[in-house]
Amino acid sequence: MTAPTSLTRRALLSAGSATVVGAGALALAACSSPAPSGSGSGSGSTAASPKIAAGTEVVKVADIPVGGTKAAKIGELPVLLSQPTAGTVMCFSAVCTHQGCTVGAAAKDFDCSCHGSKFNAETGAVLNGPAVTGLTAIKVTVTGDAVVTA
């Protein structure tokens, strides 16, 4: 029978440090998932636009302030709209390209409350990360007093 091995304070601290470093690396890896494929270089992308029937009414034009933004849904898909100038409406998926959180409409841009990403309301481009890819553009048009999918 052998005598029990005693742990030195140095060995115990070294083992604890390795565990903390490993856990920190794992947490960072989980927070830095790669951007979805088919995405542009920071501006809104239409390559991965969801399939939406053309002619689906999204909102009334009057519901989107000129120079402002609005959150809405197309079926179950959360979307964000902006009206940079009167009669010009832009639409984007509200799914953050960083980790899939729902992005919200703000006064003049779009904000993800999960990790702080901000997106340009006119182009969908990233203004502030951690997202590195812009929001996916959804084609819309103004028909009468309504914004409809194109």
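Trainee: What makes β6 and β7 a hairpin, and which residue in the turn has a positive phi?

Mentor: Happy to start there, and do keep in mind that this is a predicted model. β6 and β7 form a hairpin with 5 residues between them, and Gly-116 in the turn has a positive phi of about 90°. The two strands run antiparallel and are joined by 3 bridges. Two strands count as paired when there are at least two bridges between them, so the 3 bridges joining β6 to β7 make them a pair. One example is Asp-111, whose bridge partner in β7 is Lys-118.

Trainee: How do you know whether Ser-113 is buried or exposed?

Mentor: Ser-113 sits in the loop between β6 (109-112) and β7 (118-120). Exposed means over 50% relative accessible area. Ser-113 has a relative accessible area of 70%, so this residue is exposed. Its C-alpha is 8.1 Å from that of Thr-102, a residue 11 positions apart from Ser-113 in sequence.

Trainee: Why are Cys-101 and Cys-114 called a disulfide?

Mentor: A disulfide needs two cysteine sulfur atoms within 2.5 Å. Those of Cys-101 and Cys-114 are 2.2 Å apart, so the pair qualifies. A search of the whole structure finds 1 disulfide. Cys-101 is in the loop between β4 and β5 (103-105), while Cys-114 is in the loop between β6 and β7, so the bond ties together parts that are 13 residues apart in sequence.

Trainee: What makes this disulfide left-handed or right-handed?

Mentor: The torsion about the S-S bond of Cys-101 and Cys-114 is about -105°, so the disulfide is left-handed.

Trainee: What makes Phe-92 and Phe-110 an edge-to-face pair?

Mentor: Ring centres must lie within 6.5 Å, and planes over 60 degrees apart count as edge-to-face. The centres of these two rings are 6.0 Å apart and their planes stand at 65°, so Phe-92 and Phe-110 form an edge-to-face pair. Phe-92 lies in strand β4 (residues 88-93) and Phe-110 in strand β6, so the contact ties together parts 18 residues apart in sequence. Phe-92 is buried at a relative accessible area of 2%, and Phe-110 is buried at 0%.

Trainee: How do you know that β5 and β6 pair?

Mentor: Pairing takes at least two bridges, and β5 and β6 have 3 in the antiparallel sense, so they pair. Here Ala-105 stands opposite Phe-110 in β6. A hairpin through 3 residues joins β5 to β6.

Trainee: Why are β1 and β9 called edge strands?

Mentor: They belong to an open sheet of 3 strands in the order β1-β10-β9, with antiparallel pairing. β1 (57-60) and β9 (140-143) each pair on one side only, and that is what makes them the edge strands. The twist averages 30° from one strand to the next. Between β1 and β10 (residues 146-149) there are 3 bridges, and Glu-57 has Val-148 in β10 as its bridge partner.

How values were computed: Residues are numbered from 1 along each chain as its sequence is written. This is a predicted model: local features need pLDDT of at least 70, side-chain atom pairs count only at pLDDT 80 or more; totals for chains, interfaces and linings use all residues. Side-chain values use heavy atoms; hydrogens and water are left out. Helices (H or I, at least four residues) and strands (E, at least two) are DSSP runs, numbered from the N terminus. Buried means under 20% relative accessible area, exposed over 50%, partly exposed in between (1.4 Å probe, protein chains only). Rings of Phe, Tyr and Trp (its six-membered ring) pair if their centres lie within 6.5 Å; planes under 30 degrees apart count as stacked, over 60 as edge-to-face and the rest as tilted. Axes are lines fitted to C-alpha atoms, for helices over the stretch in contact, and angles run from 0 to 180 degrees between N-to-C directions.
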